[in-house]
Structure formats: C-alpha cells, structure tokens
Amino acid sequence: MANKQISQMGLPKSIANVFAARNVFTAKDALSLTEFELMELLDVGLAQITSAVAHISEIVCPPYQTALSLMELRVQNEHLAGHLPTHMKGLDEALCGGIPFGVLTELVGPAGIGKTQFCLKLSLLASLPASYGGLDGHVIYIDVESKFSSRRLIEIGVKSFPEIFHRKGMAQEMAGRIHVLRPASLSEFTESLQQIKVSLLQNQVKLLVIDSMAALVTGEFEHGAPRQNTLGWHISFIKSLAEFSRIPVVVTNQVRSQSRDETCHYYFQVQSWNEAIKDRTRHDSHLVAALGINWAHAVTIRLVLEAKSGQRFIKVAKSPISPPLAFPFNITSSGILLLSDDGTELTGPDIYAIHCQGHNDIINFGGESLQ
Amino acid sequence: MEVGRLPISASQRGKLIAAGYTTLSSFSSLSPSHLARDLKISDNEAAEIMRVASHSRRLDGSAGGCGTVNGAQTAWDMLHEEEMFPRITTSCVDLDNILGGGINCKEVTEIGGVPGIGKTQLGIQLAINVQIPVDYGGLGGKAIYIDTEGSFMVERALQIAEACIEDMSECGGLLRKDFQACQLKMHPNNILENIFYFRVCSYTEQIALINYLDKFISEHKDVKIVIVDSVTFHFRQDFDDMALRTRLLSGMALKLMKLAKDFSLAVVLLNQVTTKYIDGSFQLTLALGDSWSHSCTNRVILYWNGNERYAYIDKSPSLRSASAPYSVTSKGIRNSASNCKRIKMM
C-alpha cells in the first residue's frame, strides 16, 4: 500500500504531473514530507497540497472493520475461530483454544528444555487431518540449528496417534507435508522468507516454525544494539506474513544471562533500584530471553519453558488473552505431557523470570544436550 | 507582516518581491486585475493571493479594534467546556483517581510500559468503556482502534465487553430500582460493533490513516476515543533517517492533538519502552526519543512494583505525579486485589 504509485491514484492531472516531475512517485515519498516541505518542493499553493495529501491518504489508508465483523469472519472461516490446539488441555484452555492464528508465538527457554520437542509436536498437529484436530495442511519448518529429527517426529506421531500412523502410507503423507529449510546465514534466511511469502497461499501452508530466531544473529554480531536493529525488518515481515495469511507462526528463542548493567527500572523507581544494586548476586543467576526488548514487544504470545527444582514448567508469560499461568510438564515419547491441567497463577517478577535449576536430568534426542 | 510568511508557493512569493511588494498593506488595496498585470500572472492566481493575504491579516489581529484575538477562547469558557465532557473511566478506581476521574477528552494521553504490563488490555478496556451509556455516567460513544502490531484479540474484547455489561446490570439493579425504562439492553455484540478496527502495516499507512481520520470522524460523529496500539512499532524498525522520523512523529502528534480538540474526543497512544544509558547505568524509558516525549499532553507509565502492576503519572499539565496499583483480570482492568475495595460505579 505504501508503494502505490501516485500516478494511479486519480489525482487531477496537473498536480499529478508536478509530483512526478519532482521525483515523488509513491505514496511513501509523498507522505514522508510535511505539507510545507511539499509546498516548497512542488512550488504549489497550500490549499492544493492539502487536498492532494488528503486524497492520497484516503487511498492509502487501510479499510476499517468493526470488531464484530472481525469476530464473525474468524468464527465462520477458521478452524476453532483461529486457533491451533496443542492437545495440552490446560494450555489450550488458557490460550482460548490453542496457538492463535495471525500472530507471533514465542517459545523461550534454556537449552534442552523442550522447545524443539514442542515445535515438532506442533508441526505434526498442523499436518494431521481435520478429523483428528489438525489443520490438514503443510508446515514450513526453518531449522537454523539443525535440530530437526524426522525419526523423533515419526516416534511422536506413532505414540500420540497410533490409529493414523499405523495405517499404510500415512506416516509418509504426514511427514511429507513438513518442509524443512536449513538456512546457513541471516541473508539466506531473508531470501527464503521472501520465497515463503510467494508460496504461502499456493501450497496450503498452515504453520510456520522458526527454530531458532536467536541462532540467526548469534555469531553475526556482539551483544547490544546491533542485534536489535538487524532483525527489525524481519520482525515486521514475519508479522505481516502471519497476518495476511492468517497462519500461526511459532518462533523459538534462546536465553542469556542477565549482565550486571541491566536494571529494569524507571527513573522514578530510585528506591528499588538501590536495593537491586545491593542484591547483585541474585542477578547473576538470572536468565533473560535473548534478542532484546524490541523483540519482546513484537511477539504477541510468549511461552516460557523453564526448570525449577528439577521440574519443568511451561508458563504463559505474555498473552493478551490469558492470565499468567504455569503448568508442570514432562517430555515423553509422545511429545510433551502436562502433569496438571490447572495452572498455578503467577505474579510479578516470577512471570518473566526464566529459571534453570535442577535441570541436569534431560532426555537426549538427536544430540541435544545441556553444556 | 512580511510577504515571506504567507503560505503561497515560492515562485509567487518571488514575483511579489520582485515587483516590489514586501508587506501586505502594499498590495491589499489593489484590485486583483491590477496585481495580475503587475506580476504577470492570471487574474485567478492574483485573487487567490489576495484572499490568502487578507485571511492571514485577520488571524494576526487588527491594530485598533475588538481587543480579543480571533480564534482564541477564554480560560473561563474552557473550564466550562471541560466540565461538560465526562472522563472515560478505566474500570479501576485507583487509576481513575490519579487521572482525575479517567481519561480526558480533548487531550492526547500517552501510555507506555514493558511488554506484558497491560497496555493493550487498557486500550481494549477504554474502547469498551467509552461506550457506557450516558445514563450510567459514560459517554455513549464509539471507539476507533488503530492496531499497528496485531495485538488486538477479538476474543479478549468479547470477554471484557461481557464483563462490562454484567457490571452495569449489577449497578443498574442497585441504583435504579424505580427506573424501569432504563433496562439495559446491550449485548456484547453491540459493543463490538461500535469499535472501528484499522490494521496498519507500515508507517506510511499510519500517517495516511491519521490524515484520513479527519474525514472519517466527520462522518462518524459519535466516535469519542481514538486508540493507537502502538504508535511506536513501525517507527522502530528499520528507520535510517532519525531526523525524518522526528519530523514525521511531531507532524503526527500535532494532527492528533487537532483531532482531539476539533472533535472533543480522547486520543490514547500506547508506547513501548527502550533502555537509555544515563548516569552510568541503563534505565528504562519510553521509546521514540526525547522530542516525542514533549508531544503528548499527558504521559502515564505502567510498571511492575514487586508483584503488583502500577501506573505512574509521569507528565501532565493538570494532574499531580502519583502512582496507583491496578490489576488485569479475566474481566479486564480492575482494582488491585490487595486493596479490597468494592468497585464504586459512577
């Protein structure tokens, strides 16, 4: 929309020609200048500029919908009003049906906690036929760290849905719907994203998994600001992909330890800040999600996987539709199993903290191990 | 007044100066055709220049004469006007108290906070609370929700709408036992119908939309709140020219202020946070830079204080700096549980 040509907007000929003569071709060029700047540039009176800008704005402006029509559209057209059920009852209830369509869902946690397992299970669920609660579609799995294990995928399938997978040829069909990409660098990833956009609607793709986002920038830059800006374009692009195609997008993220300089306070919170300085030992054992605060704002749903006293938990740390609940889980041969469907509600810093205590006893799959 | 300050194109200005007209009074008594001959332009153009000149002259205030400046309003009139428009409640009594009753119409309020603190929740709550009927102390208006991040979830809006109707019916039962006519017939779908949702995918669309809102709101006069969630997102990714960003943001802020004033509606802008290096350490601050922080009339920061969510009035011409706790429940924004107050309805 931003790149729409001014010549095609139906402006009166005289003014349209002036725009073109001064190299203002697209709506983006025109709207990036204030009205006085345009007046100077085009040598045209203010009244004409105002009406031209109003005309361009009206055309470029996105159409509106009432919230009611939005809801009705989703209920009618989409599976479960736009959710992919994870088959973990407690989590599905918390998320109003499952992983929502059209937005970014992030899985973050320390190494070996089960993020890739979750992604494998989700990929399987998306490829299942609708009668078994799946989306009956294709899955694009972007595997940056080469953690995708097709053997494990089939194992999960056979253990969770024996009726389907023991039928002849079904395993091949289900696994055949999952397309794995292995970009070696950020630029390859960028290219494949653009190709994905093109093939999204054609191939009935119903889920996009990126495992993991953090691995794409680790090794390219050092800590700090550069990492945030590198992914800026990708974040917007992936979000718009998710939205216009109305598919769920699941992205995994790594953790890093919280450095000494990081406080999470405002200038008016001076008292708690002083306490935090005295309490530095507490900070050293804390993990935070990688990719920075800009990324944290961009994801819509953040699921944190962590380990406390040897028990793994999956908690809904950020979600516009659910309270902050934590569910204990284990990894079994059939994927992830919640030990309790009633989550415990969390408050305050517990919601965002990522714990990694007592996490040595993990199951090895395809080479995942805790360092 | 110098000819250089007239809003006319550069070539017209150049011709005026070349022909010797440097002040307004020098050509204001001429006829358009005389001016046209002098400047060698068409009659219509000359008439246009004269019209612009006389308009500017009027705005400047005449030398001898009325004593009041055109376009100004006395402070007394403004006070009366303010009292006419009720504020939009946030459904949390403590928060309403520090805001002086709620979000003020005719002003731009910026609300910022870390991810997950409840900005979108507050935005959705306000979009629903603006629709509370006048009989129940609300504005009975409609809402425009501009979503730049895709964080508006319809299921949540439905939940909050249902809870709002429940609260109103309860309150209606308590206060208006004799008022049979005022039966609450609102259905959550009616509430959802009155939220106009725009999804913006780039900063160009954001600017275009804000330009277009003038026309849209003239056609939908009962819109009483415009929520932008969030105003930051598209200006944070991938912007190379920071000076351009500042210009665009201030242009946008001015247009929003004008909208708020012209149509007497509330404008709520949700902002993200970033870290800033001050005095040897990193501190949290709202995004978009220092120049933007001057643009909004009121500024509220949402933050975590221990286990509770708090709101802090960072900047306001009429409200004291204060903080208040609030909580996000399945019904929306409500009082913080630890305060144990019953929600007092308007």
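Reader: Is Ser28(B) buried, partly exposed or exposed?
Author: This is a predicted model, and the values are computed from it. The relative accessible area of Ser28(B) is 35%. Buried needs under 20% and exposed over 50%. Ser28(B) therefore counts as partly exposed.

Reader: Which residues is Ser28(B) in contact with, leaving aside neighbours within four places in sequence?
Author: Ser28(B) sits in helix α2 (residues 24–28) of chain B. Its C-alpha is 9.8 Å from that of Ile49(B), 21 residues apart in sequence. Contact asks for heavy atoms within 4.5 Å. The residues that meet it are Met50(B) and Arg57(B).

Reader: Why does Ser199(A) count as buried?
Author: Ser199(A) belongs to helix α11 (residues 186–199) of chain A. The cut-off for buried is under 20% relative accessible area. Ser199(A) counts as buried because its relative accessibility is 18%.

Reader: What separates the C-alpha atoms of Ser199(A) and Met170(A)?
Author: Along the chain, Ser199(A) and Met170(A) are 29 residues apart.

Reader: How many helices and strands does chain B have, and what box do its C-alpha atoms fill?
Author: The secondary structure of chain B comes to 13 helices and eleven strands. Along the principal axes, its C-alpha atoms fill a box of roughly 80 × 60 × 35 Å.

Reader: What share of the contacts in chain B is between residues 24 or more positions apart?
Author: Chain B has 346 residues, and 52% of them are buried. The count of contacts takes those with a separation of 6 or more. Residues 24 or more positions apart account for 63%.

Reader: How far apart are the mean positions of the positive and negative charges of chain B?
Author: Chain B carries 36 positive and 37 negative charges. Their mean positions are apart by 3 Å.

Reader: Which residues touch the most other members of the largest nonpolar core?
Author: Nonpolar side chains tend to be buried together in soluble globular proteins. The largest core here has 68 residues. Helix α8 (residues 154–175) of chain B gives the largest share of this core, seven residues. The residues that touch the most other members are Phe152(B) and Ile225(B).

Reader: Which residues of chain A does Phe152(B) touch?
Author: Residues up to four places away in sequence are not counted. Within chain B, Phe152(B) touches residues including Ile124(B), Tyr145(B) and Tyr197(B).

Reader: Are the rings of Tyr352(A) and Trp304(B) stacked, tilted or edge-to-face?
Author: The pair crosses between chains, from helix α18 (residues 349–352) of chain A to strand β8 (residues 298–305) of chain B. Tyr352(A) is partly exposed at 27%, while Trp304(B) is buried at 18%. The centres are 6.0 Å apart, with 75 degrees between the planes. An angle over 60 counts as edge-to-face.

Reader: How many residues apart in sequence are the parts that Phe198(B) and Phe216(B) tie together?
Author: Both residues are buried. Their rings pair edge-to-face, 5.4 Å centre to centre and 80 degrees between the planes. Phe198(B) lies in strand β3 (residues 195–199) and Phe216(B) in helix α10 (residues 203–219), so the pair ties together parts whose separation in sequence is 18 residues.

Reader: Which residues do ring pairs link into a cluster?
Author: Over all chains, the structure holds 18 aromatic pairs. Ring pairs link residues of chains A and B into a cluster. The members are Tyr266(A), Tyr267(A), Phe268(A), Tyr303(B), Tyr310(B) and Tyr312(B).

Note on methods
Residues are numbered from 1 along each chain as its sequence is written. Chains are lettered from A and ligands numbered from 1 in the order in which they are written. This is a predicted model: local features need pLDDT of at least 70, side-chain atom pairs count only at pLDDT 80 or more; totals for chains, interfaces and linings use all residues. Side-chain values use heavy atoms; hydrogens and water are left out. Helices (H or I, at least four residues) and strands (E, at least two) are DSSP runs, numbered from the N terminus. Buried means under 20% relative accessible area, exposed over 50%, partly exposed in between (1.4 Å probe, protein chains only). Lys and Arg count as positive and Asp and Glu as negative; His and the chain ends are not counted. The place of a charge is taken as NZ of Lys, CZ of Arg, CG of Asp or CD of Glu. A nonpolar core is a set of buried Ala, Val, Leu, Ile, Met, Phe, Trp, Tyr and Cys residues joined through side-chain atoms within 4.5 Å. Rings of Phe, Tyr and Trp (its six-membered ring) pair if their centres lie within 6.5 Å; planes under 30 degrees apart count as stacked, over 60 as edge-to-face and the rest as tilted.
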